[in-house]
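The sequence and structure come first, and the description follows.

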Amino acid sequence: MHWLFFTLFLTGFCLPVLEKRWSRLTPALGAAVSGVVFLLGLTALARAPLAFSSPWIPTLGLTLSWRLDGLALLFILLISGIGALVFQYAGAYLEGHPQRGRFLGILMLFMASMLGVVSADNIVLLFIFWELTSFTSYLLIGFNHEDKAARSAALQALLVTGAGGLFMLAGLLILARDFDSASLSAWPAGADVSPVAVWLIAIGIFTKSAQVPFHFWLPNAMQAPTPASAYLHSSTMVKAGVFLAARLHPVMAESIVWVNLLTAAGAATFFICAVMALGQSDLKRLLAYTTAAALGSMIMLFGMGSDAAVKAGVVVLLAHALYKAALFLTAGIIDHETGERNTNRLSGLRSYLPRTALGGGLAALSMAGLPPFFGFLAKEVTYAVPGPWALTILSLLASASFVYVGVRTGLTPFFGLWRETPKAHPHEAPAAMWSGPVTLGAAGALFGLAPGLAQPVVNACASAIRPGIKLHALSLWHGFNLELLLSLLTFAAGGILLVTRARWMPAAARLASPLAAIGPDRLYRGGLSMLTRIA
């Protein structure tokens, strides 16, 4: 494991240098390294769980310890698999950019940091990689550093997630003291956990995964180039908090404070951000708000912690990574080829971008939760989780927003009458770009039609989160039941939102500005300004 991380970080530092002499090879090298990690993850899945350890600072009782169980390996497969597609996409997206090598190098450093987060078994090692993801994401979000908005968004993401990481570290240190071990795998299941530690760790989770009231930094992070947005907000940066919530589930399962806190915050984020998405018209901001909403649903499910909830959380996590990465990459192609991201000004692109339309359409249908896509299974298993009716109604309303956003981002730009765009003659993007959304969209369809293909990784991940969990086989059809009825109601509600959009959209757009003006984003900016004046 040590040599793997050494190789990844070394590659990250070398890519900008290689770009100057062998520019055609650098995206392929990044994709190849990611592909090797993906294959290693697949190989390890058959032998999981695996553990590696060696002395680090013996006088402090710290070791370089790594843990590869089903949870870590699912994230490793997503990080490396989507990473390989993003590297080749970024190479074409930034073709001719003088700083492309720097971007690819930072992207590799970010991937290595995220892999460290999900495989570390020592809390100090986890914290170091956790903060490295904040630092490298700061560099990615602020890549266009001559743009003031990009610099501001990058600083905001760094301060919010970095500060949250310090709270998290304090909570983890309290637990390490209480359990007399800095190793996560050594902590007892169902332990009596300090409420103070619970709150501190929860703050770290909420800031990293953009949970209310810390959700504001994620839409602002759309200043990043699209390849970074697709990577950070589908399978990596923002899912680090979800990972930690899942990793600590065995320890925290008996803590009422943990269960109530995560369930409440996740449910609030799921609903609020899904509603806020309705007032957006920019492709990336539509996807950003629904990303925060989806993260809220995962936090809610892992907070509830039952067998059904954990299974649903894992399926939602996998489905979301596939369709959201595809839709972000699709949005980037549309912007790259037309110069336009406003959904109100986009239609009729199917004849100009046929392969992109295929990938975006498949991902949109999965996001909307239509059969036979994997997103449909994710919605069905979520509705099957026993819980208060209030949460079920909230989930239904939020899921209707996903239907709306999926159609608006993955279908509307490609169908209907052609509209002029800033780039008068759009054409299909290079294969290095459109292959990403097509591959991910097809994976969402394949896992829906043949859920048995996803079953091993889902089972391994769920068993690592909740040892002894009782799992039933994933299936596309469970007969006529309550979950199917709720799905039909979701489609109907989403359809109503689409059909009546002209009536409510202007009011929703007008409402979005005042809400942002009095929200946590303004509190952040006011606090930062006050800090600067005091300093």
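A residue counts as buried when its relative accessible area is under 20%. The model is predicted. By that cut-off, the buried residues of helix H19 are Gln455, Val457, Val458, Cys461, Ala462, Ala464 and Ile465. The elements that cover these buried residues include H2, H3, H10, H13, helix H11 (249-252) and helix H14 (307-338).

| Helix pair | Angle | Axis separation |
|---|---|---|
| H2 (residues 26-45) and H3 (residues 70-93) | about 160 degrees | 8 Å |
| H10 (residues 240-247) and H13 (residues 283-304) | about 5 degrees | 10 Å |

**H2 and H3.** The axes of H2 and H3 lie 8 Å apart at an angle of about 160 degrees. H2 is therefore roughly antiparallel to H3, since angles over 145 degrees are classed that way. The crossing of H2 past H3 is left-handed. H2 contributes Pro27, Gly30, Ala31, Ser34, Gly35, Val37, Phe38, Gly41, Leu42, Ala44 and Leu45 to the contact, and H3 contributes Leu73, Ile76, Leu77, Ser80, Gly81, Gly83, Ala84, Phe87, Gln88 and Gly91. Sorted by class, the contact of H2 with H3 holds 12 nonpolar and 9 polar residues, with no charged residues.

**H10 and H13.** The angle between H10 and H13 is about 5 degrees, and their axes are 10 Å apart. H10 is therefore roughly parallel to H13, the class for angles under 35 degrees. On the H10 side, Gly241, Val242, Ala245 and Ala246 meet Leu295, Met298, Ile299 and Phe302 of H13. The contact of H10 with H13 comprises 7 nonpolar residues, 1 polar residue and no charged residues.

Leu453 sits in the loop between helix H18 (431-449) and helix H19 (455-465). Leaving aside residues up to four places away in sequence, Leu453 touches Leu446 and Phe447. Leu453 and Leu474 are 21 residues apart along the chain, and their C-alpha atoms are separated by 9.7 Å.

**Cysteines.** Cys461, one of the buried residues of H19, has a relative accessible area of 1%. For Cys273 the relative accessible area is 0%, so Cys273 is buried. With a disulfide taken as a pair of cysteine sulfur atoms within 2.5 Å, the count comes to 0 disulfides.

Definitions and conventions:
Residues are numbered from 1 along each chain as its sequence is written. This is a predicted model: local features need pLDDT of at least 70, side-chain atom pairs count only at pLDDT 80 or more; totals for chains, interfaces and linings use all residues. Side-chain values use heavy atoms; hydrogens and water are left out. Axes are lines fitted to C-alpha atoms, for helices over the stretch in contact, and angles run from 0 to 180 degrees between N-to-C directions. Helices (H or I, at least four residues) and strands (E, at least two) are DSSP runs, numbered from the N terminus. Angles under 35 degrees count as roughly parallel, over 145 as roughly antiparallel, 65 to 115 as roughly perpendicular and the rest as oblique. A crossing is left-handed if the near helix is turned anticlockwise from the far one by less than a right angle, and right-handed if clockwise. Contact means heavy atoms within 4.5 Å. Ala, Val, Leu, Ile, Met, Phe, Trp, Tyr, Cys and Pro count as nonpolar, Asp, Glu, Lys and Arg as charged, and the others, Gly among them, as polar. Buried means under 20% relative accessible area, exposed over 50%, partly exposed in between (1.4 Å probe, protein chains only).
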